[in-house]
Amino acid sequence: MNNQLKIKFKDQRYQLEAIESVVSLFEGSPKREGIDFLSQPTDEIIPNANVNEELNERLLLHNLQKVQITNNEKRIGSELKVSNELEVDQGETVNGVGEEGEKIRSPHITVEMETGTGKTYIYLRTAHELNKKYGYKKFIVVVPSIAIYQSVVKNIEATRNHFASKYDNEEISLVQYDGSKLGRIRDEYATNSNLTVMVMTIDSFNKSSNNFYKRTEQLQGEKKPYEYIQQTRPIVILDEPQNFNSKKAKSAIRTLKPLCVLRYSATHKETPNLCYRLTPVDAFKENLVKQIEVVGISELDNHNESLISLLDVTRSPIRAKVKINKLDKGVKKEREVILKQGTDLFELSGLTEYEGLIVSEIKYGQSDEDKQVLFTNGYTLSFKNSFTSKESVFRAQIEKTIEAHMIRQEALRDKGIKVLSLFFIDRVKNYTGKEAIIKRLFDESFNKLKRRFQSFSNANPEQVREGYFAKAKAEKGEEEAIDTNSSNKKERELEKAAFELIMKKKERLLSFEEPTSFIFAHSALKEGWDNPNVFQICTLNQTASNIKKRQEIGRGLRLAVDQNGERSEEHDVNILTVIANESYESYVTNLQNEYVAEGDTPPNTPKEPEEAVVKRNNKLFTSNEFQDFFEKVNRQVDYKLNINTDELIGLCVDKLNESKFPGLSLEFSQARFVISEYLIELQEVFSKEAVIEITFSDTTGNSYKSRKRVSEGDSLNKLFNDIRLKNLRVLKINDEGSGSQSVKFDNEEIITKYKPLKFSTEKVTNVEKTKVRSEEGNYAIPNFIERVAKETSLTKKTVKNIFKNMQEDKKKLIFKNPEGWISEFLSNIKEVLCNHIAENIEFVIKPEKIYEANDLFPLERKFPQKELIPAGDNGLYDKVQVDSDVEREYVGNRVIPDADKTILYFKFPPKFKISLPKIIGNYNPDWGMVRKSEDENYKVELVRETKGGVDLERLRFPHEKRKIRCAQKYFEEIGIDYRVVDQNINYWWESDKDHQNLK
């Protein structure tokens with residue numbers, strides 16, 4: 001077996017930049033050679049600084065600002081906010097430790113590194129540099145889990161020879177903290193004169209009951225273990241600091257009495273004194289990590305199985321976000337709902353499958369394991385026991401992963417690259433228990449596919465797969481697997497043993513002599529473990545948060561290595577395929593949300609845009625023309641429905657016999673994950689126009705630079721022909737002198753000559769979708785007759801007659817996919833019924849009024865400013881609201897210039913409704929107008945509906961057509977000319993009877 005495989009390291013620019021960014025912060029500090037040891041304790045402790053010495057914070061701030069400015073000049077996508085002041089943590093220590101009221105003060109420094117770019121290497125080399133330049137020798141690496149603990153230990157061992165060659169054979173003296181071996185703290189750490197790094201988990205020192213704070217016979221004298229640490233004044237390195245945001249964790253870190261704290265992560269929640277950032281955009285663009293492609297697999301039209309899935313728990317107020325099945329207009333659909341104490345899922349969903357599920361308590365905790373929803377029937381919902389898994393989706397994911405793995409291995413074998421695949425599973429028992437569905441599906445799929453690939457044709461599935469779970473003692477002849485993310489002491493010990501196995505085998509997995517190439521894990525490998533040759537990640541789990549999703553992806557982002565330990569930098573080699581149990585669009589959107597949370601912010605969706613006040617033209621409002629027109633449309637209406645039941649049943653049966661009822665199918669969507677980067681700069685301003693320049697680049701190498709003149713109301717999306725700029729419409733151009741020129745967008749972003757807009761966003765490229773038939777299930781048939789009758793207001797007898805008269809082969813399809821069949825059955829009946837109503841409805845106009853004119857048309861109204869255009873002299877208000885580009889062009893280019901003939905016009909307020917049957921929905925017309933006739937001898941009253949086209953058969957939504965059919969009859973009854981127009985019709989005032997434009 002090739003046990004000599006070692007990963008090789010080389011200097012990389014971005015790593016050197018990150019190291020220099022931290023080391024430069026200490027410029028001007030004295031080298032730690034002249035420490036006054038007489039002021040130190042007499043037991044030979046070698047510290048970083050004198051006991052009460054602090055770093056010069058003014059000097060540190062000055063250096064930080066220099067570093068931030070320098071790094072900002074290097075790339076446009078990683079802008080750092082230049083600090084106005086130094087952020088310093090100050091507070092109390094762990095309860096009951098040290099002097100009462102003692103407060104520890106230390107600056108925190110943040111380095112943000114995208115997963116897979118070697119942050120552990122960077123902070124270990126930073127320790128070497130700080131030792132070399134300033135004589136600092138004592139470092140403590142604090143980690144949140146056993147996984148990362150073992151990873152750091154492994155990295156120190158793996159880089160020992162590499163760093164020795166660069167630093168005159170100086171090696172790190174590693175101290176692995178162990179609460180049962182406290183003598184190491186003095187003998188191997190505090191008194192060690194070499195560069196010394198201690199690795200600790202936060203749980204080993206975050207409460208006063210830890211051995212770390214107790215006297216022990218292993219240490220002579222009166223000092224407790226933590227006091228030795230304090231007197232060394234260590235530089236503390238936080239690995240994954242987003243895990244240390246609790247009050248308990250922060251007080252524990254202070255108790256170490258650090259000289260300063262260095263923070264390293266890809267997924268920070270807080271970034272004090274950020275001095276270097278390597279974003280996902282930078283990493284992808286500079287080819288420092290693998291490119292990502294996502295294969296999303298989702299089951300279509302299958303809502304027959306029970307579903308209850310916990311998505312999140314919030315603390316204030318205490319609420320749970322859950323995904324369940326829910327009746328939506330008679331159709332069973334997946335929906336996200338919010339639960340609070342007392343919520344009855346049966347009442348909320350309308351489905352009997354949730355009977356008895358009434359929320360009794362919602363539990364919130366810092367970790368996902370502590371977040372739970374308890375129900376009165378004893379059921380507990382958590383991230384671990386959500387019911388979302390479907391065997392057909394699991395099988396498709398596993399087969400796709402194995403196939404991708406085998407294809408990739410055949411392609412890369414000649415390059416000496418061993419391919420690995422990593423599966424994140426939903427439950428440990430699904431791999432190790434008696435049922436073991438995941439193991440069974442893997443073995444079946446592997447044996448099915450291996451015949452097509454020479455490299456695997458003679459292999460057995462048992463040889464190539466391995467699950468990384470801690471193992472408890474066998475009971476009743478069956479080995480029990482433990483979920484390796486537990487707060488239980490016994491299980492944590494088992495977890496530690498599991499990770500030792502993982503870390504010892506890390507390099508061996510890269511060798512062709514090791515048959516294992518498919519790795520199954522639950523929570524074990526979310527952090528702390530990665531392998532450069534993971535090319536496929538299959539998510540057979542429900543990832544609770546976007547951060548975890550990104551951490552899972554991070555396990556496969558490192559560039560691949562060959563059998564000599566050399567990294568491959570070939571673009572076509574380094575592609576990570578994520579096989580997700582959701583659609584591509586959903587997966588990428590969720591992942592993009594995480595990038596947004598980390599600061600790589602795309603243009604925001606417009607929220608609460610600036611409001612403007614529009615003022616009523618009282619002269620027009622009080623005119624006879626308006627008052628007469630409004631009185632005519634402001635009438636109560638009754639309608640009569642002339643339903644021919646036999647005809648309706650016949651129409652429904654004919655349509656249903658022609659319908660395609662859905663079976664069960666799987667949809668595969670595959671595309672490359674591309675991150676795009678933008679720089680939008682203001683070049684010049686001329687009164688109400690401005691010149692904007694956009695610089696664009698993405699992770700596939702595409703780029704452009706374009707300069708355009710813009711006006712208020714312009715959409716950058718249209719001007720620059722880039723859909724990713726859709727949320728940027730010019731709201732206001734300000735030209736109050738050279739120092740106050742700016743452009744404001746409707747998402748509240750503002751650019752000036754000195755402040756450009758920078759953001760990153762994701763793009764879908766080359767999306768390919770394919771459907772395959774899924775295996776049929778065996779499902780119970782719900783009472784669809786009652787459900788359809790309730791939703792349509794038809795009698796049960798009528799619904800039964802429709803079903804009874806259908807073709808037998810169409811009726812039998814209900815057994816293949818009951819919920820999909822019912823959805824098609826209901827939608828067809830509703831469509832036929834709505835069309836029948838629209839064709840046979842009759843209106844009866846009554847004399848009673850519905851609305852008060854002053855209520856609908858007050859003196860002043862507020863609208864979002866971005867939706868307003870000047871209304872001209874014939875507008876009922878000085879500005880008019882337009883909801884689309886069609887309306888903007890129609891009113892702006894047709895109605896307003898017609899002021900010599902159009903006496904007045906207005907937009908009907910949303911409150912103005914024409915009552916129609918519930919199944920069709922009430923109708924709100926668009927535009928009311930009073931216009932002079934062409935010979936100016938009389939006045940015509942008009943109502944116009946604006947659409948993108950005037951052919952009703954081509955309208956996007958069928959319900960629009962039905963409402964318009966009803967509106968035609970309604971306005972004909974009250975004697976007002978009604979017509980559908982678009983922005984291209986010149987003679988918009990003429991009736992359809994004259995021109996027959998409405999088809």
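User: On what basis are residues numbered and values computed here?
Analyst: Residues are numbered from 1 along each chain as its sequence is written, and side-chain values use heavy atoms, with hydrogens and water left out. As this is a predicted model, local features need pLDDT of at least 70 and side-chain atom pairs count only at pLDDT 80 or more, while totals for chains, interfaces and linings use all residues.

User: How many helices and strands does the chain have?
Analyst: Helices (H or I, at least four residues) and strands (E, at least two) are DSSP runs, numbered from the N terminus. By that rule, the secondary structure comes to 28 helices and 39 strands.

User: What percentage of the residues of the chain count as buried?
Analyst: Buried means under 20% relative accessible area, exposed over 50%, and partly exposed in between (1.4 Å probe, protein chains only). The chain has 999 residues, and the share that count as buried is 56%.

User: Among contacts between residues at least 6 apart in sequence, what share join residues at least 24 apart?
Analyst: A contact means heavy atoms within 4.5 Å. Among contacts in the chain between residues at least 6 apart in sequence, those joining residues at least 24 apart make up 71%.

User: How many residues of strand S22 are buried?
Analyst: Strand S22 covers residues 575-580. In a regular strand the side chains alternate between the two faces of the sheet. Here Ile575, Thr577 and Ile579 are buried on one side, and Leu576, Val578 and Ala580 are buried on the other. The count of buried residues in S22 is therefore 6 of 6.

User: Is methionine 198 buried or exposed?
Analyst: Methionine 198 lies in strand S5 (residues 196-201). Leaving aside its neighbours within four places in sequence, methionine 198 is in contact with several residues, including Phe139, Tyr177 and Ile229. Its C-alpha atom is separated by 4.5 Å from that of valine 175, 23 residues apart along the chain. Because its relative accessibility is 0%, methionine 198 counts as buried.

User: Where is serine 715, and is the residue buried or exposed?
Analyst: Serine 715 is in the loop between strand S27 (703-711) and helix H20 (716-719). Apart from its neighbours within four places in sequence, serine 715 is in contact with Leu728 and Arg729. Its relative accessible area is 9%, so serine 715 is buried.

User: What is the relative accessible area of leucine 641?
Analyst: Leucine 641 lies in strand S24 (residues 637-641). Leucine 641 is partly exposed, and its relative accessible area is 37%.
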